[in-house]
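Have a look at the model first.

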Amino acid sequence: MSALTRCLQEEAAAIAATAERLAAHQVEAALELLDGCADRRAKLVITGVGKSGIVARKIAATFSSIGLMAIYLNPLDALHGDLGVVAPDDVALLLSNSGETAELLEILPHLRRRGSRRIALVGRIDSTLARGCDVVLDGSVDREVCPLNLAPTASTAVAMAIGDALAAVWMERRGISPQDFALNHPAGALGKQLTLTAGDLMIPSSRLMPLQADTPLPEVIAQLTADGVGAGWVAQSGDPSRIRGLITDGDLRRALQQHSPPEWAQLTAADLMTADPITVDEQVLAVEALERMERNRRKPIAVLPVVGGAQQMLGLLRLHDLVQAGLSRTAA
């Protein structure tokens, strides 16, 4: 066994021992405080010093990402003004291996006076910090993985694991869905799939000059070239805000192939367009629009008109823009 493997196993054993040691009623009390925090739209304020402060930052980031507003509060800054971010309905989670960290003990009475409920995540459940909190989570370890038993290693791994476990169980209790998770991760692949709509990615109709059914071929070509979109839309004669047909570069090529050159001068937009094209609502998820493009059996679709009520033309959604946004057949 390598030394690295041994250290990893020791940390894993410390986390396993913590799972057996944690008092169920204290865990439930902590989760109830988190539930109340969410119900009141209050904050989870997490604080710690040194390595515990680094763990506190990570736990705050995790809870923020799953929908519970959480912040990291530097205890030294808190004592010099930043305590003002803490409101009476907030819940404070204080991390300290010794439970005797001076900065946290100085904060404690101020949190109590504000009416903030307090959870201690400590390595000693009989410590001063633990006695000053409403809930105590036992994060003690027999020894650190550090060969000198000095550097925070097993203790920080245990504290991190407890924070992760609290977040995971809280997600289960609150029924957090992938859609909820995506709201806080709009730049990720999941977030894009679950939040971006056709309306978000379309080229708006205000940038596209509508064609008329009787627009002659030379003007159609000029308009397609000017817009630079690779498609143009044909408006209804009685209602210029509604779409009658769509002309893509492919439609134009096919029409020219089907007619001899002497006939080209007589061709109009009505001869070139795809009448009654497949459209998509602006609120449809972009990934669903991509799926419609990919699964169309009549012909490949590279452009979809985006419409509102009564087929009102809102814009054009291009396959190119979907791919540029990070969506793909695999993502769909």
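Before anything else, a word on "buried": a residue counts as buried when its relative accessible area is under 20%, as exposed when it is over 50%, and as partly exposed in between, using a 1.4 Å probe and protein chains only. Strands here are DSSP runs of E with at least two residues, helices are runs of H or I with at least four, and both are numbered from the N terminus.

Keep in mind that you're looking at a predicted model, where local features need pLDDT of at least 70 and side-chain atom pairs count only at pLDDT 80 or more, while totals for chains, interfaces and linings use all residues. Residue numbers start from 1 along each chain as its sequence is written, and side-chain values use heavy atoms, with hydrogens and water left out.

Now find strand 8, residues 243–248. Most of this strand is covered, with 5 of its 6 residues buried. T248 belongs to strand 8, and T248 counts as buried because its relative accessible area is 17%. What does T248 touch, if you skip residues up to four places away in sequence? The answer is G230, A231 and R254, where a contact means heavy atoms within 4.5 Å.

Strands in a sheet pair through backbone hydrogen bonds, in either a parallel or an antiparallel way. For two strands to count as paired, DSSP has to find at least two bridges between them. Strand 7 (residues 231–235) pairs with strand 8 in the antiparallel sense over 5 bridges, and G232 has I247 as its bridge partner in strand 8. Strand 9 (residues 274–275) also runs antiparallel to strand 8, joined by 2 bridges: L246 is partnered with T274, and G245 with A275.

Put together, that's an open sheet of 3 strands in the order 7-8-9, with antiparallel pairing. Strands 7 and 9 stand at the edges with a single partner strand each, so one side of each has no neighbour in the sheet.

Time to zoom out. The protein chain has 16 helices and 12 strands, and 44% of its 332 residues count as buried. Its C-alpha trace spans about 95 × 55 × 35 Å along the principal axes. Among contacts with a separation of 6 or more, 66% come from residues 24 or more positions apart.
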